[in-house]
Amino acid sequence: MDGSTTKAQQKKRNWFLPLVFSLLTSTLLIILSLFTPSNPFRQTPIRTQKQAPLFVESKINISPTGTNPIPRLAYLISGSKGDCESLKRTLKALYHPLNQYVVHLDLEASVEERLELVSFVKNEEVFGRVGNVRVVVKSNLVTYRGPTMVSNTLHAAAILLKEGGEWDWFINLSASDYPLVTQDDMLHTLSTIPRNLNFIEHTSDIGWKEAQRARPVIIDPGLYSLKKSDVFWVSEKRSVPSAYKLFTGSAWMMLSRPFMEFCLWGWDNLPRIVLMYYSNFLSSPEGYFHTVICNSEEFRNTTVNHDLHFISWDNPPQQHPHFLTDNDFQRMLDSNAPFARKFGRNESVLQKIDSEVLGRIDDGFVPGSWLEKGVTNVTHLHYTVANITQLRPGPGAARLNKLISGLLSEKDFDLKHCL
């Protein structure tokens, strides 16, 4: 027992002295930290001045609007089965080296059609030189009236933001649309207006659409299938949102670059929340962008209530507008709109528009600041963007200017709120 007691006492002495030493050292360090002014570990005094919290979103800013004297446009031209020739014709009628273009044939179009479109863009001399026409090679399946039309539009806008350089407005068109003014007319007129304006027909009076489009829940097969079919309904109904107000309008629009960045970059939850809601909304292209812009404090004061289209509806209106013919020609011009729809394939009125309005010859481009009238061989032309410093507007510029000036001066046009 005496031996074991001696060993225990020896172990206590072995750890007691280091313990006392560490306590003394810790006490000394604490005293120094409290009374030494230059001590790096001293607590930082609380600042009385308020500082804005640092969020990632605060570092993301909307791009300023363009400063080029001549604006630039970004077009989406989309089509489906049997639309390849119409799409090519519309593209040539709209082409200008200053602009950017994305063309898309959805998966309902045959492989042959889609390859033909790729070959057309690749082999057209001017497209290759300027490099401003892109084909969506991995085609989307787009369901009429479904949210896949919205996702296809956002997809094209994302391509244009990533690869299209500087542009000021995004315009969505279909292969059954056609211009009523030249691009020189268009760019000349738009150079005189603020570039943050959005031309989007909209209304909060959704009427019967609340019961037949907003409350039903629909499924778009284009979200998960490779075979095109119409949307189908789910038996359940849902309530109308209370966090934001629903708007509806035309599916065709001209949207500013800042607003498209707002929809795609995601520094605000509103575009995502609304997109999730409209993923189950019938005819979502007629409401998604309208609801986002009219519920956003940043952009609701930039809306011009017009879709820049001449569209003729039957009386009473049917699901689709009627196809335009020669009988509608004068009414198209009198509308002063830059675009019209809906045209049938190879409709004779298109030839009339080419010859009497656009000055376009068969299978050619529209003449203007980059192309002399009557020139068919563009191989030797200098059509780089740097060479275009002046436009050559024609009669279409006066008509378009009359339309836009009228929209901006209307008594009921209020830039402070969406109607």
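Reader: Which residues does Ile 193 touch, leaving out those up to four places away in sequence?

Author: Ile 193 touches Trp 169, Phe 199, Ile 404 and Leu 408, with residues up to four places away in sequence not counted. A contact means heavy atoms within 4.5 Å, so Ile 193 meets that limit with each of these four. This is a predicted model, in which local features need pLDDT of at least 70, side-chain atom pairs count only at pLDDT 80 or more, and totals for chains, interfaces and linings use all residues. Residues are numbered from 1 along each chain as its sequence is written, and side-chain values use heavy atoms, with hydrogens and water left out.

Reader: Does Ile 193 count as buried or exposed, and how do you know that?

Author: Its relative accessibility is 11%. Buried means under 20% relative accessible area, exposed over 50% and partly exposed in between, with a 1.4 Å probe and protein chains only. At 11%, Ile 193 therefore counts as buried. Ile 193 is in the loop between H6 and strand S6 (198-199); helices (H or I, at least four residues) and strands (E, at least two) are DSSP runs numbered from the N terminus. Asn 401 is 208 residues from Ile 193 in sequence and 9.9 Å from it in space, C-alpha to C-alpha.

Reader: What makes H6 and H13 oblique?

Author: H6 and H13 pack at about 40° with their axes 8 Å apart. Angles under 35 degrees count as roughly parallel, over 145 as roughly antiparallel, 65 to 115 as roughly perpendicular and the rest as oblique, so H6 is oblique to H13. The axes are lines fitted to C-alpha atoms, for helices over the stretch in contact, and the angles run from 0 to 180 degrees between N-to-C directions.

Reader: Which residues make the contact of H6 with H13, and how do they divide?

Author: H6 gives Asp 185, Met 186, His 188, Thr 189 and Leu 190, and H13 gives Gly 396, Ala 397, Leu 400, Asn 401 and Ile 404. They divide into 5 nonpolar, 4 polar and 1 charged. Here Ala, Val, Leu, Ile, Met, Phe, Trp, Tyr, Cys and Pro count as nonpolar, Asp, Glu, Lys and Arg as charged, and the others, Gly among them, as polar.

Reader: Why are H2 and H3 given a class of their own by angle, and what is it?

Author: The axes of H2 and H3 come within 10 Å and cross at roughly 25°. That angle falls under the parallel limit, and H2 and H3 are therefore roughly parallel to each other. Cys 84, Glu 85, Leu 87, Lys 88, Leu 91 and Lys 92 in H2 meet Glu 113, Glu 116, Leu 117 and Phe 120 in H3. This contact divides into 5 nonpolar, no polar and 5 charged residues.

Reader: What makes the largest set of nonpolar residues a core, and which residues have the most contacts inside it?

Author: A nonpolar core is a set of buried Ala, Val, Leu, Ile, Met, Phe, Trp, Tyr and Cys residues joined through side-chain atoms within 4.5 Å. The largest has 45 residues, and Tyr 75, Phe 127, Met 186 and Phe 199 have the most contacts inside it. The elements giving two or more residues to this core include strand S1 (73-79), helix H2 (84-94), helix H3 (111-123), helix H6 (183-190) and helix H13 (395-409). A second, separate core of 38 residues includes Val 136, Leu 154, Ile 200 and Leu 270.

Reader: How do you know that H8 is largely enclosed?

Author: In helix H8 (residues 257-265), 7 of the 9 residues are buried, so the helix is largely enclosed by the rest of the structure. The buried ones are Arg 257, Pro 258, Phe 259, Met 260, Glu 261, Phe 262 and Cys 263. Their cover includes helix H5 (148-163), S4, S6, strand S9 (254-256), helix H9 (270-278) and helix H10 (288-294). Just after H8, Gly 266 takes a positive phi of about 75°.

Reader: What is the phi of Leu 308, and what is the phi of Asn 346?

Author: Phi of Leu 308 is near 60°, a positive value in a residue other than glycine, and phi of Asn 346 is likewise near 60°. Leu 308 is buried, with a relative accessible area of 3%, whereas Asn 346, at 69% relative accessibility, counts as exposed. Leu 308 is in the loop between strand S10 (303-304) and strand S11 (309-311), and Asn 346 is in the loop between S12 and H12.
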